[in-house]
Amino acid sequence: MAISRRNFLTYAGIGTAAALAGRGTAKAPTARSHVRIASPDLFKPIAPSPADELRIPSGFKYDVICSRGDALGSTGPLGPETAGDGMDFLAFFPMDALVGGAIATDGLLWMNNEYVLPQLVSKYDGVSKKTEPQILAEKAHVGGGVIRVTRENGVWRHKPGSRYARRYCASYPEFTMTGPVAAIIPTATGTFANCSGGRTLWNTVLSCEENYHEANAFKYRWNDVPGHAMNLEGYGWIVEVDPFGDMRPMKHSCLGRFAHENAAMRLGSSGKLIVYMGDDKEDQCFYKFVSAEPYRAGATRAECRKLLEQGTLYAGDFANG
């Protein structure tokens with residue numbers, strides 16, 4: 001049978017969770033599709049192991065590109081910048097993306113840094129009052145960052161010192177707020193709790209601020225030192241960053257404030273932009289933003305991003321219809 005978009009989203013948001021909880025006992029609705037499902041024989045499961053090591057299935061390989069604390073070769077307000085902690089979302093941008101190209105072996109990699117492990121980053125003992133150097137170190141390891149990566153002789157490598165390399169952390173830079181909230185909160189310092197995210201049609205990152213409420217709680221205790229407590233009203237938004245550095249970073253209030261888990265953009269049949277978002281807390285809603293104006297393929301990147309500043313935000317509460 002044909003499946004409507006509404007039913008598909010309902011299934012994706014609730015049925016998938018049920019299938020996982022029931023170890024695959026739930027069945028998806030049948031739908032006409034030309035999508036080929038890969039044979040399960042292509043992926044050989046790996047058994048659970050107590051070993052402290054990265055293990056991958058037979059036939060797969062990995063390259064270590066960048067680890068927490070690796071030098072980016074860039075300098076920010078706090079000094080030399082390094083890769084952050086708690087990586088979550090990655091987005092690759094070919095170096096020729098802005099001219100319509102698709103170089104597959106050289107580009108910029110955006111990395112989300114969702115959380116920080118204080119005992120490793122700042123040597124915090126978990127009991128005593130935090131010091132300012134500890135707080136600054138932890139703030140520098142959340143948020144996100146841009147590095148340049150290339151694939152040479154079949155191996156992916158990080159190229160430190162790229163002019164595109166930079167950090168976006170809880171201490172800097174200043175983000176411009178857009179949409180209706182801008183009249184109340186015109187700017188917000190830095191970004192943190194960056195979970196998953198997405199890409200725009202004009203080659204920028206949409207990074208999702210999720211568990212922003214943890215900043216001043218016992219977990220981080222950034223309010224131990226006067227002047228370092230986070231003004232939480234400035235967080236919990238969708239952050240837009242240009243990895244190529246041509247446009248200022250923004251937070252789009254029209255996309256809502258909640259525990260943002262993701263942002264998936266597409267063009268609707270009307271030509272308007274649609275952004276789907278999930279709230280990563282129990283018993284919450286599924287969100288859809290629809291831009292007020294249609295997307296124009298020939299528009300500049302600056303004009304395109306304005307589409308996220310005005311529109312309608314829908315909340316889908318599937319559990320209650």
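Reader: How many bridges join strand β16 to β17, and how do the two strands run?

Author: Strands of a sheet pair through backbone hydrogen bonds, either parallel or antiparallel. Here six bridges join β16 (residues 286–294) to β17, and these strands run antiparallel. Two strands pair if DSSP finds at least two bridges between them; strands are DSSP runs of E with at least two residues, numbered from the N terminus. The model is a predicted one, in which local features need pLDDT of at least 70, side-chain atom pairs count only at pLDDT 80 or more, and totals for chains, interfaces and linings use all residues. Residues are numbered from 1 along each chain as its sequence is written, and side-chain values use heavy atoms, with hydrogens and water left out.

Reader: In what order do the strands of the open sheet lie?

Author: The order is β14-β15-β16-β17, four strands with antiparallel pairing. β14 (264–267) and β17 (311–316) are at the edges with a single partner strand each, so one side of each has no neighbour in the sheet.

Reader: Which residue of β17 is the bridge partner of Lys288?

Author: Tyr314 is the partner. The side chains of these residues also meet: the charged end of Lys288 sits over the ring of Tyr314, 5.2 Å from its centre. A charge sits over a ring if NZ of Lys or CZ of Arg is within 6 Å of the ring centre and within 35 degrees of the ring normal. Lys251 has its charged end over the ring of Phe175, at 5.4 Å from the centre.

Reader: How many aromatic pairs does the structure hold?

Author: A pair of aromatic rings is described by the distance of the centres and the angle of the planes. The structure holds eleven aromatic pairs. Rings of Phe, Tyr and Trp (its six-membered ring) pair if their centres lie within 6.5 Å; planes under 30 degrees apart count as stacked, over 60 as edge-to-face and the rest as tilted. One of the pairs, Phe192 with Tyr235, is tilted, at 4.8 Å centre to centre and 55° between the planes. Phe192 lies in the loop between β9 (187–189) and β10 (194–199), and Tyr235 in the loop between β11 (205–209) and β12 (238–241), 43 residues apart. Ring pairs link Phe192, Tyr220, Trp222 and Tyr235 into a cluster.

Reader: Are Phe192 and Tyr235 buried or exposed?

Author: Both are buried, a term for under 20% relative accessible area, with exposed over 50% and partly exposed in between (1.4 Å probe, protein chains only). Ala193, in the loop between β9 and β10, is buried at 5%. Ala193 has a positive phi of about 60° although it is not a glycine.
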